[in-house]
Amino acid sequence: MSIACAAYPELVFDNPRTALRGTAVGLAGAAALGIGYASLIERNAFTLREVTMPVLEPGSSTLRVLHLSDLHMMPGQKLKQNWLRELDRLEPDLVVNTGDNLSHQRAVPAVVQSLSGLLSRPGLFVFGSNDYFAPKPKNPFKYFRKEHKRTFGEPLPWQDLRAAFTERGWLDVTHTRRELEVAGVRIATAGVDDPHLKRDRYDTIAGTPNPMANLKLGITHSPEPRVLDRFADDGYDLVLAGHTHGGQLCLPLYGALVTNCQLDRSRVKGPSRWGAHMQLHVSAGIGTSPYAPARFCCRPEATLLTLVPTPDKGPKQGVQPGVSRSSAVVR
């Protein structure tokens, strides 16, 4: 029995096993190419995403916020470190870091040096699980279960990183309510510790933020719905989060396979609305775990948010989520 290839009729396989073997070899080759692209190319294809979000009180000045998340820094990652240094050229009014900066015991100097220019600008931060604990090898299929047993590595020097950030002027908003004025915009902000570790204690910051503020800003590492609901109920305009890596491994026309939290896949990265009045921005992040060093259809990113006033007329629930675009080069 012979099997002819429809695309190339001159090719004839004398045995079905030969045809199957050829198909298997082809699929294995395609998989190898995909893994190589995801781990060697896209993982290092750092992108600046630009998003405009109408969240400020009418009449407010425009505010440019650089949202950083999930650096997962290793000491030898020079390409990532050099790219991060270039972000200071954007001259943001405010920097917000939503955690998971570390992946190694000796990564604090690399993080601080990479963010050196940005640390001279106003900044806010909370930490994530990979600021507190080093990553460990995991069964990747665990991520397909919303609830699974957490495993943690050795403790990381998060106290040193916190000291470095605060000494340069960034504000730790973990379980703290703060007010500041940046570029003529009055901001009422609050944050929680990492909900992924169930360390969030929202009751410590509960309550309506200052109604006189031009922006009510919530900050969390993992965008768990239980925390987002509390921010929304208290009247916050915008919440910034990270943690999801945008799904990290995505499929064309389908998107993220998992979110690694209770958040639905439609909000795994970028701007979206949460409830009637609040908007959410989830960063796809800049790094990956050293035990899963690959990204597919989900480039590593930082986001420059241009916050603008909401329309003077109509309730905020009529405001559309932010519009985004991305570019591979910091301009």
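Hi everyone, let's start with the rings: this structure holds 11 aromatic pairs. Please keep in mind that this is a predicted model. A quick reminder before the examples: a pair of aromatic rings is described by the distance of the centres and the angle of the planes.

Take Phe-127 and Trp-158, which make an edge-to-face pair, with 6.4 Å from centre to centre and 75 degrees between the planes. Where do these two sit in the chain? Phe-127 is in the loop between strand S6 (123–125) and helix H4 (129–132), while Trp-158 belongs to helix H5 (residues 158–167). They are 31 residues apart, and the pair links distant parts of the chain.

Is Phe-127 buried or exposed? Phe-127 is buried, at a relative accessible area of 3%.

Phe-127 has another partner, and that is Phe-165. Here the ring centres are 6.5 Å apart and the planes meet at 45 degrees, so this pair is tilted. Because Phe-127 lies in the loop between S6 and H4 and Phe-165 in helix H5, the pair ties together parts that are 38 residues apart in sequence. Phe-165 is buried too, at 0% relative accessibility.

Ring pairs join Phe-125, Phe-127, Tyr-132, Trp-158, Phe-165 and Trp-170 into a cluster. If you look at Tyr-132 on the screen, you'll find Arg-199 too: the charged end of Arg-199 sits over the Tyr-132 ring, 4.0 Å from its centre. There is another arrangement of this kind to show you, where the charged end of Arg-265 sits over the ring of Tyr-254, 4.1 Å from the centre.

Next stop, helix H6, which covers residues 225–234. Which of its residues are buried? They are Pro-225, Val-227, Leu-228, Phe-231 and Asp-234. And what do they pack against? The buried residues of H6 pack against strands S9 (185–191), S10 (215–219), S11 (238–241), S14 (270–274) and S15 (278–282). Just after H6 comes Gly-235, with a positive phi of about 95 degrees.

Staying with backbone angles, two residues other than glycine also deserve a mention. Ala-183 has a positive phi, near 50 degrees. You'll find Ala-183 in the loop between strand S8 (176–182) and S9, and at 44% relative accessibility it counts as partly exposed. Then there is Cys-297, which is not a glycine but has a positive phi of about 55 degrees. Cys-297 is placed in the loop between S15 and strand S16 (301–309), and it is partly exposed, with a relative accessible area of 37%.

What does the Gln-279 side chain reach? The backbone oxygen of Pro-54, at 3.5 Å.

Methods
Residues numbered from 1 in each chain as written. Predicted model: local features only at pLDDT ≥ 70, side-chain atom pairs only at ≥ 80, totals over all residues. Heavy atoms only, no water. Phe/Tyr/Trp six-rings, centres within 6.5 Å; stacked < 30°, edge-to-face > 60°. Helix = DSSP H or I, 4+ residues; strand = E, 2+ residues; numbered from the N terminus. Buried < 20%, exposed > 50% of the residue type's maximum accessible area, 1.4 Å probe, protein only. Lys NZ or Arg CZ within 6 Å of the ring centre and 35° of its normal. Contact = heavy atoms within 4.5 Å. Polar contact = N/O pair within 3.5 Å; in protein donor to acceptor, adjacent residues only side chain to side chain.
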